[in-house]
Amino acid sequence: MKYYLTELHAHTKHSDGDFTTHELLDAALAFGYDAIVITDHNTTAPLEEAKTWDSNELVILSGMEWTTFFGHLLVIGARKVVDWRKATIETIDSSLEEIKAAGGLTGIAHPFSIGSPICTGCHWDFHVQDYGLIDFIEVWNRLNPDEDFRSQQAYEMWVDLLNQGFRISCSAGRDWHRQEDESDTTALTYVGASVGHADALLANLKKGNYYITLGPKIHLSMKQAGKTYVMGDELRVGDSTLKITLEPTEQAKLKAFNFVGEYLVVWQNDQIIACETIEEGIEKELSLELVPGYLRIEIFGRGKGHSNKRLVISNPFYIGKA
């Protein structure tokens, strides 16, 4: 299992970005991405241009950012364009069902962004009846998400839905419109897959086999009854072993911020069941007793001159009832 650096939220001149399609792809390759989803507002136009890009070193996934008066929705991998204009504040579920029927993934973009009149529609106001139709919530959005109070609001929204029993993932979105200043940090999404092909990445995004980070990388799995499980898998109640290895930041720009993980926190449902120090390059094993619900990990450490910063958030493992 390899983890592929994947950007889930990016724009070109086909909507409100400064990049041409080829400029965006060139910049993504230079940054170190393995894959990118182009999510222009209400258009898939750049996907045709991407076919003429002279490189096969980057996996390009189809996407769109639904841009409505009631919120922005990231749609990834759908086999057809579903009409965003039909969605009303009370009927979003039927649109979500149509996206799912087309094989698409659905993600709420920047749910607590400032709304009208500064950015009409940027705040999530849709009345979702079934959050089982949502695949992920963008917990970290745009630049310096570790310094934005809206990130904490999105994080709390995600955790609350997990605690209600929904199997929903968290994502990081660069919301990439243009080249940023060197002093700005960017959160990353690493997607696990056996091969770095579009179908495999989409399948693992749907499953929830990915994590978000300010820089440090992890390798994370659970062992139970001789089997290995990854994020998004379902285990059974009882004994299990968590295995995690922390690795330093690979991405060149983010190395300058000196994010270093120092301890990990294990959440089982809404309770912390373990808090342990962790060192880079040394595999950590924890014996755990699983109960129905979910289990996830976070890594805290230092960076930007601060300590006790949340650096890594994993997506959940799920535990079925006995």
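A salt bridge is counted here where a side-chain nitrogen of Lys or Arg lies within 4 Å of a carboxyl oxygen of Asp or Glu, and by that criterion this predicted model holds 18 salt bridges.

**View 1. The salt bridge between glutamate 262 and arginine 302.** In this close-up, the side chains of glutamate 262 and arginine 302 come together in a salt bridge with an N to O distance of 2.7 Å. Because glutamate 262 belongs to strand E14 (residues 260–268) and arginine 302 to strand E17 (residues 293–303), the pair ties together parts that are 40 residues apart in sequence. Glutamate 262 counts as partly exposed, at 28% relative accessibility, and arginine 302 also counts as partly exposed, at 39%.

**View 2. The salt bridge between arginine 296 and glutamate 298.** Here the closest N and O atoms of arginine 296 and glutamate 298 are 2.6 Å apart, and the two residues form a salt bridge. Arginine 296 has a relative accessibility of 1% and therefore counts as buried, the cut-off for that class being under 20%. Glutamate 298 is likewise buried, with a relative accessibility of 1%.

View 3. Arginine 310 is partly exposed, its relative accessible area being 23%.

Methods
Residues numbered from 1 in each chain as written. Predicted model: local features only at pLDDT ≥ 70, side-chain atom pairs only at ≥ 80, totals over all residues. Heavy atoms only, no water. Helix = DSSP H or I, 4+ residues; strand = E, 2+ residues; numbered from the N terminus. Buried < 20%, exposed > 50% of the residue type's maximum accessible area, 1.4 Å probe, protein only.
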